[in-house]
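Please look at the model shown here with this report beside it. The text moves from the parts of one chain to a meeting of two chains.

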Amino acid sequence: MSDKKDITLTVNGRDHNVAVDPRWTLADVIRDHCGQTGTHLGCEHGICGACTVLVDDTPVRSCLMFGVQADGKKIRTVEGLANGDEYHPLQKAFMENHALQCGYCTPGFLMLATGILEAQPDISDDDLNEVLSSNLCRCTGYANIIKAVRAARDEMKAAS
Amino acid sequence: MATATNRMLGHLGDSVERLEDPPLVTGKGRFVGDINFPDQLHMRIVRSDHAHGKIKSVDTSAAEAVPGVVAVWTTTDIDDVPPIDFREGSDPTLALFRQYALARELVRYVGDPVAAVFAEDPYTAEDAAELVTINIEPLPVLINADDDPQDFKGKATTEAAVVEQGYGDIDETFASAYKVVEVDVKVSRHTGVPMECRGAIGRYDEARDVLEMYGAAKVPHRNRDTLCRMLNRPASGMHLFEGHTGGGFGIRGELYPEDVLVCVAAMRLRRPVKWIEDRQEHLMAANHSRQQRHIIRAAVAEDGEVVGLDDELYLDQGGYIRTHGTRVANMTTGTLPGPYRFPVYRSICHFRLTNKTPAATYRSPGRCESTFVRERLMDAVAVAMDMDPIAVRRRNLISLEEMPYGRALDVLGDSVEHDPGDYAGLLDQGLAQIGWDDLQKQLAERRANGEMVGAGISMFFEKSGLGPSDGAKIFIDNSGFIEVVTGGASIGQGFETAMAQIAAEDLGTDYRRIRVVHGQTNRIDYGVGAHASRATVLTGTAVSLTAQAVRAKALDMAAELLQTTADTLTITDGVVHSKDNPTGPSLTLGEIAEALMPTSKLLGGREPYLKGEEWFHIDHQTYPYGHHIAVVKVDPDTGGVEIEKYFIAYDIGRSINPMMIEGQLVGGLAQGVGGALFEEFTYSEAGDPQAVTFADYLMPTLKETPDPEILLTEDFPSIRTPLGIKGAGEAGITGAAGAIASAIDNAIGIPGAVTETPVSPQRLKKILSEHGK
Amino acid sequence: MKPAAFEYHAPTTVDEAVALLAEHAPNDGRILAGGQSLVPTMAFRLARPNHLIDINNVADLGKLTVEDGALCIGATVRHAQFHTPACNGVLGHLLTDVVGNIAHYPIRQRGTFCGSVAHSDPASEWCMVAATLDATMVAQSASGERLIPAAEFFETVMTTNLNEDELLREVRIPMLSDDTVYGFQEFNRRAGDFAISMTLVTYRLESGKITDPHIGVGGAEDRPRRIAEAEAALAGQTPGDEAFRAAADAAAAAIDPMEDHATNAQYRRDLTATLVRRALENAAS
């Protein structure tokens, strides 16, 4: 067995001091040791994207990073999207456009979309499709996810 | 009045936002992986890596020695636990083929559970599981269901059953046919693959002697009943709890070996036991589905009428028969005729075991397969008769005048009786909306310019609302908050919203003031769960009847308090008032509930509480119908297929929430496209599964999934349900493979080219090169 | 699907990293860069290194500059850094065109160029780029630096010329002259999947004739490589359908395609001919 390492993860602005086994994936550390279970595991091999979180504002698959690698980094998960009782425009758009059914892939899509819309507020529809093809959804057939993210993009742009 | 109505959302037919969504978009969902109990153990299954063999020995000593491991079980540790029984009760003819929670004597597929490790954390459990060594003496591996059956345990053959359905004189009809058209088509092995893998937590509450299982889905009440039978427990001491469920699609929520194991382990190890499936396990352990080969013939009259249909099919059931028994065989043979008349019919299903993952139902079981087969045949008939494919279909559709149309076929114990519907009329509407004639012209022009483009159609009828009965309870507390308790299940389809909308309609309240309970066996005695597109039809109608009863009780009590008669009153936004004088004297539902408390002096002779419980009994399933049209472009050099346009027409009878219905259709289509073009569980000769990662099991991404145009009609409400509703869960997938195959044939100009799904680029390229294209 | 246990090392200098590698490589110690290929194989426990030497905190490995006529790509440069041209001229655009085909956006934020090359999946776009453009690999060990030409670097599936104690510190891709034209083609079943076959072609024109053609094929064989027979068929020809088809057929004939459960050799061969032809057409247009 390997020794545990003490790390600090800043998840949605809150510091978590965790003694991690180096083999624990970032996803497992966020879920099991920071109590934030909104980040979901769909495949644990980097294909489905359900576990997408923002690490230093960049969307990454949290199943493909070890928790120990995120020491001192700023992690954002779906739990941190809303501002108190006020939904993030993406959350609102997902509900208004019926962009979720079972909701399991939803946190991954929300964080992926958050990352890309923050990085490229003017992203084109085509480029958005490219990025959104990163994650798998088994319920919606994607059409409403596209509509929702486009709607949020337009709203976020208008508000900025 | 206008203000009140505007505030009050969620009537029948409104596309309101879903009640389910807020927790799901904020990360507050409670999926089974998110639930933890103090002191819980984690279970890891050790699975067979042989497809077929005798278990000589299992050595668990090294695993047991790993620090943090509490126990390692093989079948001898649970030799008192019987094999997993059928959902609908015992069936002596199939009992031999059931699966034990841990393999006994034999392993029958790669992935068959052989041992279970219980450890303090999932990482340790997986470490220890690797150290369990299983010594297996290999036996011959049977991969194809259409190969000769083999011996099964010296007591039977792998042909577990032959399911035959039909009516009329086949031999006579074929002997006198003008033409006989035959096709031989295969549907690949693929399945639901929800985004959340399975999971289960067993917890034994010694203080109350109650065994609990979390992570239930689809049919919690049925699974409770089966577990009670298997573990010899009373229903009051066995409870299943459904949390959020990350997709169901028919495969999730059946009673699997792992569910049984966590329950037994929780009792014997006296600690909560959690099992979370990983994706590699899921792709070899959760139910597969679909794999069938049909050899089917049509006897055709000179005018294109198909006067007889004769089908023989081989259903690949995999290693064991699981909870469904022969349901897929039954539904395939019972629904194959689809929307057509076919006066003489026979289908013989060879229901056969192989050495692959056990198979069962996946969204639209039996209809998906049989629709592909039937529509391939209808295209072949069109070619053989030199008729237009639409004309051939039109010639054979059951007409409105013949409805309701019964046939001597059984679907899940119900004799098929088509709901009234205008199949040809919807076809006319669909073709008009998509501009079929112009489309044909455009495609012909493009083909003349060298493009491989084409269109295809697939017609189907669906079944939904399987009976016989379901009940619901409604309770309104003295704050006016409404709780609807059902035995339904929520698998992501919007069950809570639909039930709330139905209840709100009669209770005159905003649907957001209603809490809908589902999947909790300790809250209601009975439940049908969520399968076979029955939740809205059956449970929804029970909720509607209950809401009507509670409304009547509320108005009756209010009438006394307001010194009027109930028929002069109505409910708006949770307030009972005079129909004629909305601003006059009124009572809130909460005030009425207060008046109905057991201690209330106003109770009179009434039963206490503002509550009700009603049942709905259905005499036949409902049969919605529709068609799919696909337009595809084939790249002759790569064999790639691009879906340029897609259209779905569907008669729902009556919509509860059109937004959610369209969501079901679009989502179902994505899975249909997966089955038609991408998804397939292939096996090596030795029985090794070759698609056990998401890099090999190809589910469509956004780029491969069309955004269909949808024509949703309410022309023919079901005569089987008071609200006229029919199911919506499966129509998006049922017609997909048939329409896409037909469009590909049309695009490449080779009639009958597609005989097998998925139409991979490699398969299509081979077809093209065989035809010199 | 939880990785087996390993010991974690997080060096901050190259010297420290290669010293750790020298120490632990004999006991299955490996470099962890982006982890986008290694971590999944660890999740399946197909890889179970005893030591991981994480180079993400090593200074001086983030180099992405043009030196001595080559674009030098350090070991921690991520795929996403090529979303916009990493250098002036044709090469920068070429790499930007290719990078969009590598997996998906979040993977590209984390995965590294050198990590892909060192991992040497036959279907890796960067491996094919390195092979086609005659990149030089800079291998660093505790005992010094070694330069490896691409033609010698890729050996077979996930096997390279790197020694176990060597870190792939840098990849150098020669800059392309302004008159170089290129075409890239890849085919897969779904967006972002590994290529079933892919090709990168470059050439220049002198007096209307094709000169210095490079035709690289990846995904089809056990390693990416330039296809000499196809280049020979193209050299000295006038760009056009006839020459392109000849080169494409030569490429298809020359390769020894892999077979797997999903794809047979014949399909890969036919597909490669199509892709080479289309890439050449792209280059010419």
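## Two domains in chain A

The C-alpha centres of domain 1 of chain A and domain 2 of chain A lie 21 Å apart, where the domain bounds come from an automatic or database domain assignment. Domain 1 of chain A covers 5–80, and domain 2 of chain A covers 89–159. This is a predicted model, in which local features need pLDDT of at least 70 and side-chain atom pairs count only at pLDDT 80 or more, while totals for chains, interfaces and linings use all residues. Residues are numbered from 1 along each chain as its sequence is written, and chains are lettered from A and ligands numbered from 1 in the order in which they are written.

## Where the domains touch

The contact between them takes 16 residues from domain 1 of chain A and 13 residues from domain 2 of chain A; two residues are in contact if their C-beta atoms, placed from the backbone, lie within 7 Å. On the side of domain 1 of chain A that touches domain 2 of chain A, strand E3 (52–55) and strand E4 (58–61) of chain A are the elements that give two or more residues, and the largest share, 3 residues, comes from E3(A). Strands (E, at least two residues) and helices (H or I, at least four) are DSSP runs, numbered from the N terminus.

## Where chain C meets chain A

In the contact between these chains, 23 residues of chain C meet 24 residues of chain A. On the side of chain C that touches chain A, strand E1 (7–9), helix H2 (38–43) and helix H4 (105–110) of chain C each supply at least two residues, and H4(C) gives the largest share of that side, 5 residues.
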